[in-house]
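Visitor: I'd like to learn how to read a protein model. Could you walk me through this one?

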Amino acid sequence: MSSKTTRKKTAKDNIIKNMPMLPLRGLVVYPFMILHFDVGRLKSIKAIEEAMLKDQKIFLTAQKDPNIENPEYDEINTVGTIANIKQLIRLPGDTIRVLVEGIERAEIVNFIQDEPYYIADVKILKSSVLQSRNSEVQALARQAMEHFERYAKLSGKITPDASLSIANINDLTRLPDLIASNLDISNEMKQEILEELSPKKRLKKLLDIMAKENEILEIEKNISNKVRQQIDKNQREYYLREQIKAIQKELGDSDLESEVEEYRSRINESNMPEEAKKKALKEVDRLSRMHSTSAESGVIRTWLDLVLELPWDKKTEERLDVQHAAEILDRDHYGLEKVKERILEYLAVRKMTKSLHGPIICLAGPPGVGKTSIARSIAEALNRNYVRMSLGGVRDEAEIRGHRRTYVGSMPGRIINAIRQAGSSNPLILLDEIDKMSSDYRGDPASAMLEVLDGEQNKEFRDHYLELPYDLSDVLFLTTANYKGNIPKPLLDRMEVIDITGYTEDEKTNIALKYLVPKQLALHGVEPSKVRIDESAVREVIVHYTSEAGVRNLERKIASIIRKATKQIVTNEKKTVRITANNVKAYLGPRIYLYDKANEVDEVGVVRGLAWTPNGGDTMPVEVNIMPGSGSLELTGQLGDVMKESAHIAKSYIRSAALRYGIDAEFHKKYDIHIHVPEGAVPKDGPSAGITITTAMVSALTNNPARKNVAMTGEVTLRGKVLPIGGLKEKVLAAHRAGISTVLIPVDNKKDIDEIPENIRKVVRLIPVSHMDEVLKHALVKKPIPKKEQPGEIMVLSQAAEEAAVTLEN
């Protein structure tokens, strides 16, 4: 649309057509108000030039948001003021200074254009006239003038000329606009007054605004007076302190004052939070009023030293190189893939977003698998300072949170001490053996750890000794535990648990050859060329001289071999020593551990089960004898309650399916059954021997031999279903070590097969089963042919499980 549209006024509705419009930023213009302002926007300059070419009138209205450079129609207030341009002064930099005088209120009724400048149709808004003889109007005017005089006195921003003009005003209709133009209030309030057409209502609104502003100014004045008094007090204290210095110097007690000044200087120069700085300066003031030899001064010094030593804002720059971190973790540790993968995931996410706080990870597993040692490698990979904190035997809550300073010999808790020791606010803190904490009458340390290990709460951790909030959200907490069951549930819920299983024989062999042997050779000062330990020797030590999930005892045995070999070299018995499987006995003595091997022949009533132990897996033969008697069930071998229940369940199931398996239905009355699990001195328990006991009983009752090369694990129900178990990896490894070629596993444990090493899966056949019929089919030499079920019998067959049988062969 062309910008040269002619402008005309319609008398009927007081509408002025095609008036140039100037949006103002941070400024509201009232009628009869004279002021000048600078104009720099190109659109605004063109609007002024257009107005000057016509009748020098322009419509002025305020923007809703002064930060917008080119406001749209809905971003401009519709009510404004028609003003007359009195003067233009061109300034350097394409800026114009404009002097205007407000004429009357107007409202936009139609936006015409916004390029190259704003044009709108505006409607003149007529206001009513205040009657100066009206008593209410006179009362309102007087109150407004009184409030304004008070405002002028409190703010000090009103010129005497402005105050005089308001005091001498004759036209009370103009009074609200004149007062509002001189008030230092928000543009929203000024716009609200401009939009009010009734002068009486404008006056009332203005009274409310001035009452609030005067109240705020009174408060500001009081605050200012207090600040001035505080400054005077500080000057007085400075003068008195200087006098005290002079007196102490005369008395020869000036060391304390210099120490106080040093503390004060260090606190002011530090970057500790404001709350900590304020409390520290308060303690320094207390110290300055004490004698240097008082006991309390020593307590304050110790506290101040702690506060100044804490790394409030000191952080190490975290290394976010995922590839570099992976190299360090693989360099120092073999295996532990889940732990490494979790740390690399954290690094990858941290690289994408800087706001991620450190995870709280719990490594749960048997002793000696590298839980503690990997923490140092993680700290190196992330470029974080490393601190280890052992929690074994901790039973006092004050060990974690610290002692209150009211006690003699009080000290901070272990968490704050670890931060001070680390020297940075984002270290890696290893909480070792978190499952070994206990509690007594002094409190529960596990409860104190709840706040420490909660990422949402530890932003303001308060130590009882420090008595200041400390941010632990950037700390990477790593905890270790042997048994998750010993950790309280609320504490366990705050941690991300990574289960670490025991090492396989192959993994132990790799660890020994790559890490343990070179480490022990270096510790004993022996050159690798003089003492050589073959892989066969390492495997011999692993299988027959150690029984553990980790490698601690293996390292001790290797150290023992190297010591004896070193002695032979030093005494000139030998120049070089080579250790093989054949001569390990000469260094370590007879074999300590002898493992059961697979049966040489198929036997009736003897079935090999599989068990999990803290040191790994083991085979567990179950023997059943059937003797004429009255139907008693004898259980021996130091069996636990759960295992005894499994035996009773097996007997009940066989009774329900006796006819189908060709078993005398009255066997429970004619025969005594004796179930024995060898190694009677070793306690045994758990439900996973259920199918083993059932198979052994069926074998004995039917005189059907069990296969010598088959082992099994799984819980049995009264319906003959096979339920899943735990520790599958360790059990299969034990079967492989015993020379067993086939292992029957619950069908629901198929998901765990991937955890078994590939080389084991190549030689051990794993068959998932879901029912005892399938177990007996694979375990007994003569396949039992279930007969047609009789009334009262229960028969559950799973075709899906039969089809799901998995054979993992090379």
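Visitor: Is Thr546 buried or exposed?

Guide: First, some ground rules: this is a predicted model, where local features need pLDDT of at least 70, side-chain atom pairs count only at pLDDT 80 or more, and totals for chains, interfaces and linings use all residues. Residues are numbered from 1 along each chain as its sequence is written, and side-chain values use heavy atoms, leaving out hydrogens and water. Buried means under 20% relative accessible area, exposed over 50%, and partly exposed in between (1.4 Å probe, protein chains only). Thr546 has 3%, so it's buried.

Visitor: Which residues is Thr546 in contact with?

Guide: Contact means heavy atoms within 4.5 Å. Leaving aside neighbours within four places in sequence, Thr546 touches Val541, Asn553, Leu554, Lys557, Tyr593 and Tyr595.

Visitor: Now the sheet. In what order do the seven strands come?

Guide: Strands of a sheet pair through backbone hydrogen bonds, either parallel or antiparallel. Strands here are DSSP runs (E, at least two residues; helices are H or I, at least four), numbered from the N terminus. Two strands pair if DSSP finds at least two bridges between them. This open sheet runs 19-20-18-17-21-24-25, with mixed pairing. Strand 19 (633-636) and strand 25 (765-769) stand at the edges with a single partner strand each, so one side of each has no neighbour in the sheet.

Visitor: How many bridges join strand 17 and strand 18?

Guide: Eight, with strand 17 (606-613) and strand 18 (616-628) pairing in the antiparallel sense. Take Leu610: its bridge partner in strand 18 is Thr619.
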